[in-house]
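User: Hey, I've just opened a new structure and could use a hand finding my way around. Can we go through it together?

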Amino acid sequence: GVVIVKGKKPKRKPRAETAEAYAARLAWTSKANAKATAAFRDFGKIPPIGNRKRKSAARKSFRVFCETYLPATFSKPWGPDHLVVIDRLERAVRLGGLFAVAMPRGSGKTSLTEAAALWAVLFGFRRFVVLIGATERHAESLLASIAMELETNELLLADFPAICFPIRKLEGSPLRRLLCLERRVSLSLTNKEIHLPWIQGA
């Protein structure tokens, strides 16, 4: 007799991919990955300014800026020495100049200096601000304090969205490259330098 055994059909051997087809598939995959990555990095439109009146008042007065945007830092009443320093810092930021002041330890000299640097760059009074500490480590801590405000302060985010919103989108990664409506945003936050974002028309 004849015994017939039913088995699976043999698999067809796949055709060898041509060099042209491989190159085309590689290009398509690379383009698709780049598009997906760009979409992930593109944070879209900058939110509108939260309160223009509040921001305008802070632009006119360094003291108002401190009281409005840094209430946790400057929670105690100002003393006469504080008001003198605030006035001198404001004039130095707006007009330039040098001054020296002696105040007791813990009286707020460092906090006022950090706030003045922040006020100067957020409103564009100064393009470049250099913070000098007693040591390199101290200077880095000053910079870190300012960076923390830019990353976490909700009022600054509301009224300075063109600066703080992209910084939030870094999500703690200083090397992450961001896009705003397909335009590259240049910014960086490191322990040596803070390069604020600039977005045309924002």
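Predicted model: local features only at pLDDT ≥ 70, side-chain atom pairs only at ≥ 80, totals over all residues.

User: Noted. Is Thr 152 buried, exposed or partly exposed, and why?

Analyst: Thr 152 has a relative accessible area of 47%. Buried means under 20% and exposed means over 50%, with partly exposed in between, so Thr 152 counts as partly exposed.

User: How far is Thr 152 from Ile 167, C-alpha to C-alpha?

Analyst: Their C-alpha atoms are separated by 9.6 Å, and the two residues are 15 residues apart along the chain. Both also turn up where α6 meets α8.

User: OK, so how do α6 and α8 sit relative to each other?

Analyst: Helix α6 covers residues 136-152 and helix α8 covers residues 161-170. Their axes come within 8 Å and cross at roughly 95°. Angles of 65 to 115 degrees count as roughly perpendicular, so that is how α6 lies against α8.

User: Which residues make that contact?

Analyst: From α6 you have Leu 150, Glu 151 and Thr 152. From α8 come Ile 163, Cys 164, Ile 167 and Arg 168. Sorted by class, the contact has four nonpolar residues, one polar and two charged.

User: Glu 151 is in that list. How far in space is Leu 189 from Glu 151?

Analyst: Leu 189 is 9.8 Å from Glu 151, C-alpha to C-alpha, while in sequence they are 38 residues apart. Leu 189 belongs to strand β3, residues 188-189.

User: And is Leu 189 buried or exposed?

Analyst: Leu 189 counts as buried, because its relative accessibility is 12% and the cut-off for buried is under 20%.

User: Switching topic. What's the overall layout?

Analyst: The protein has eight helices and four strands. Reading along the sequence, the pattern is α-α-α-α-α-α-α-α-β-β-β-β.

User: How much of it is buried?

Analyst: Of its 202 residues, 32% count as buried. The protein exposes about 14,600 Å², and carbon and sulfur atoms supply 57% of that.

User: What share of the contacts comes from residues 24 or more positions apart?

Analyst: Taking the contacts with a separation of 6 or more, residues 24 or more positions apart account for 62%.

User: Back to helices. How do α4 and α5 pack?

Analyst: Helix α4 (residues 80-95) and helix α5 (residues 109-122) have axes 10 Å apart, at an angle of about 30°. Under 35 degrees counts as roughly parallel, so α4 gets that label against α5. The crossing of α4 past α5 is right-handed.

User: Which residues meet there?

Analyst: The α4 side has His 82, Val 85, Ile 86, Leu 89, Glu 90, Val 93 and Arg 94. They meet Leu 112, Thr 113, Ala 116, Trp 119 and Ala 120 in α5. By class, that contact divides into eight nonpolar, two polar and two charged residues.

User: Last pair: what about α2 and α3?

Analyst: Helix α2 is residues 52-60 and helix α3 is residues 62-69. Their axes come within 5 Å and cross at roughly 135°. The two helices are therefore oblique to each other.

User: And who's involved in that one?

Analyst: α2 brings Arg 54, Lys 55, Ala 57, Ala 58 and Lys 60, and α3 brings Phe 62, Val 64, Phe 65, Thr 68 and Tyr 69.

How values were computed. Residues numbered from 1 in each chain as written. Heavy atoms only, no water. Buried < 20%, exposed > 50% of the residue type's maximum accessible area, 1.4 Å probe, protein only. Contact = heavy atoms within 4.5 Å. Areas by Shrake-Rupley, 256 points an atom, 1.4 Å probe, with all protein chains shown as cover. Axes fitted to C-alpha atoms, helices over the stretch in contact; angles between N-to-C directions. Parallel < 35°, antiparallel > 145°, perpendicular 65-115°, else oblique. Nonpolar A, V, L, I, M, F, W, Y, C, P; charged D, E, K, R; others polar. Left-handed = near helix turned anticlockwise from the far one by under 90°.
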